Amino acid sequence: MTATLLVTGAGGVGKTTIAASIAVTAARNGLRTLVVTVDPARRLASALGVEDLGDEPQPHDTEPSLWAAMLDSSASWRAVAIRHAAPEVAERLADNEFFRAASEHFPASQSYAAADQAATFVQAKAWDLVVVDTPPSGGGIDFFAAPAQMADLVGGRLLRWITGGPLPGRRFFYDRAAKPMLRIADSVLGSDLLERVAEFLVDLRTTYDGVARRGREIESVMRSASIIVITTADPAPVREAVRFYRELPNLASTPEAVIFNRALPNEWSKQSSSPGLSAEMNSVVEMWSAETVRQRDTREGFSARYGATVATVPWSTDPPTDLDRLASLVGNAVGIPWSNLGIDISP
Amino acid sequence: MERGGWRTRSTHPDWLTIISLLDKRLVIVSGKGGVGKSAVSAGLALLAQRNGLRVLAVEMGTGGGLSTHFSTGPLQFKPREVRPGLHALHIVRSEALLEYLSMQLRLPGMGRFGPVARAFDALATAAPAIREIITIGKILWEVREDRWDVVIADAPPTGQIGSYLRAPLSITELVPSGRIRDQSAWMAETLADPKITQVALVTIPEELPATETLETIEWLTSEQLTPPAAVVGNRILKRLNDDATPDGKAGQIASLHRSLWTEQQEWLDRLPVDIAVPYMFGLFTPGEVAAHMADELEAGMGAMK
């Protein structure tokens, strides 16, 4: 049985680093662990040994139970759609300019590909734990919504209206009903834009069954996964974290915990100015004390409002250049509900 | 004072000190997630408003970042006056699409549930350049209006901004002729016009945001879709000149401050920061942050001059 941990949150809060830190910790506690990472900083990639790797999991050089893989950020649902299309349709799709444009720019495209790839690793049953760092596109929630969005895209109500009826590949309705309408609109616009897009949608529609089936598999992997939300105490990422707490119960499951990264020690909050220090030093101390109070109030507010388990990772200026430093990041954390994540931390 | 591109202009004695960014008709604010993009957008809008400009602030994404900084509750598609002289709106794609079809393309019979509207909606879902051009088009039509001196757009993160800026060109490549093509060409020109458009990139001097900012500048320069970006450096720490190391908590605080400052300097050496905004300690509400941001941007722009 492979446990899955999805690590999500706004961009720029240390999500990738904390996901890696959790994975190293789990590996060192005896779990065969795969960490799937997205766009790691150079030093982190080097510590994990994924600098030059593609999307195939690679065992770590020095850490026996640790594997790492990098999500292929150029992968898209284009590959997925083509995989589920009949050969002659696949050929038409691959040549269609709108399909190419769509697969490059569809914001959920990378999220879908990432979710698909992550689900594949989980289904391989080769690891005890798969830790997935989710891509931040679309506020991160896209990763969870992408499978359903993908099915909507190829089977949604509007598309059914254009392509007619639930039967895949049925062009009759399109030719008889929708096409003349689009021609009128196109003649007003002075191009065959709508008609060309619709032709592409009719082809895409035939992939619906395959795409929807895969989407359900991915969703079921996500529903059985544990989720951790990473944030800092700053307003923008906290807003994102709130969104995860509101929306994830419907899309996947309720997060196990929210981890506030870059936490300042609570005892800094009661710092009064001292006569032995310079005015400059006193003012710096006062500013960081105010920041500590703000952080603490933000965490307490979040916990009270959403009933969330709140953990903290101290603000570290030490870059994670090796696995020991990486592990110490969550090693110094307070409040992570390890046992709920399926990780037994030995004392 | 009459300047190119401005049809009407309020004259405020302090205006000459507010230069560069607000000198344009359109400021597109982007940056890596979490760097304070919405706070800077709101701060710029408040600063312009304080100086007597008629301002439209546009929330492009779904995060609600801009509205919380104005403390006004969710924004709608219809512009709402959130401060005297400052309006704000949130681009709702379905409404922008209808407006685009009926007002800009002047297609007949545009009900929400009309067949052509439905076809377009399906199309906008599936062909993303079209979805993005509806958003960017809405902004550019507002820029063309006489109602606003400056439009400030709180844009999606740098990872997605490229597809928005590129959308008009993508459409002109896909559509050989006709009304959509003509309008896309006009949009592409407007975005590329340095007298009208300015992209502001918000960043903080840390590895990932700084790297992404440098990459974005390089991309914007090579693609020539818009004029070179202005960089707003956020959360900049002041140097601690006192080099004492006190005992206890004060010493820990001084040590954290120094090591963060050192790391920031490393990135500030490489980042072409035009406006530096100091770290705001202990501020609680987004409204407070936005008001302080306006002060700091004003100070920063003064320094820029």
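User: Within what distance do the axes of helix 6 and helix 8 of chain B come, and at what angle do they cross?

Analyst: The axes of helix 6 (residues 158-174) of chain B and helix 8 (residues 207-223) of chain B come within 11 Å and cross at roughly 15°. That makes helix 6 of chain B roughly parallel to helix 8 of chain B. Angles under 35 degrees count as roughly parallel, over 145 as roughly antiparallel, 65 to 115 as roughly perpendicular and the rest as oblique. The axes are lines fitted to C-alpha atoms, for helices over the stretch in contact, with angles from 0 to 180 degrees between N-to-C directions.

User: Which residues of helix 6 and helix 8 of chain B meet?

Analyst: From helix 6 of chain B, Thr158(B), Gly159(B), Gly162(B), Leu165(B) and Arg166(B) meet Glu212(B), Thr216(B), Trp219(B), Leu220(B) and Glu223(B) of helix 8 of chain B. Contact means heavy atoms within 4.5 Å.

User: OK, chain A now. How do helix 4 and helix 10 of chain A cross?

Analyst: The axes of helix 4 (residues 87-95) of chain A and helix 10 (residues 193-205) of chain A come within 10 Å and cross at roughly 140°. That makes helix 4 of chain A oblique to helix 10 of chain A. Their crossing is left-handed.

User: And which residues are in that contact of helix 4 with helix 10 of chain A?

Analyst: Val89(A), Arg92(A) and Leu93(A) of helix 4 of chain A meet Phe200(A), Asp203(A) and Leu204(A) of helix 10 of chain A.

User: Switching topic: how many helices and strands does each chain have?

Analyst: Chain A has 14 helices and eight strands, and chain B has ten helices and eight strands.

User: What share of the residues is buried in each chain?

Analyst: In chain A, 55% of the 347 residues count as buried; in chain B, 59% of the 305 residues do. Buried means under 20% relative accessible area (1.4 Å probe, protein chains only).

User: Anything to know about the numbering and the model?

Analyst: Residues are numbered from 1 along each chain as its sequence is written, and chains are lettered from A and ligands numbered from 1 in the order in which they are written. In this predicted model local features need pLDDT of at least 70, side-chain atom pairs count only at pLDDT 80 or more, and totals for chains, interfaces and linings use all residues, while side-chain values use heavy atoms, with hydrogens and water left out.

Terms used
Helices (H or I, at least four residues) and strands (E, at least two) are DSSP runs, numbered from the N terminus. Buried means under 20% relative accessible area, exposed over 50%, partly exposed in between (1.4 Å probe, protein chains only). A crossing is left-handed if the near helix is turned anticlockwise from the far one by less than a right angle, and right-handed if clockwise.
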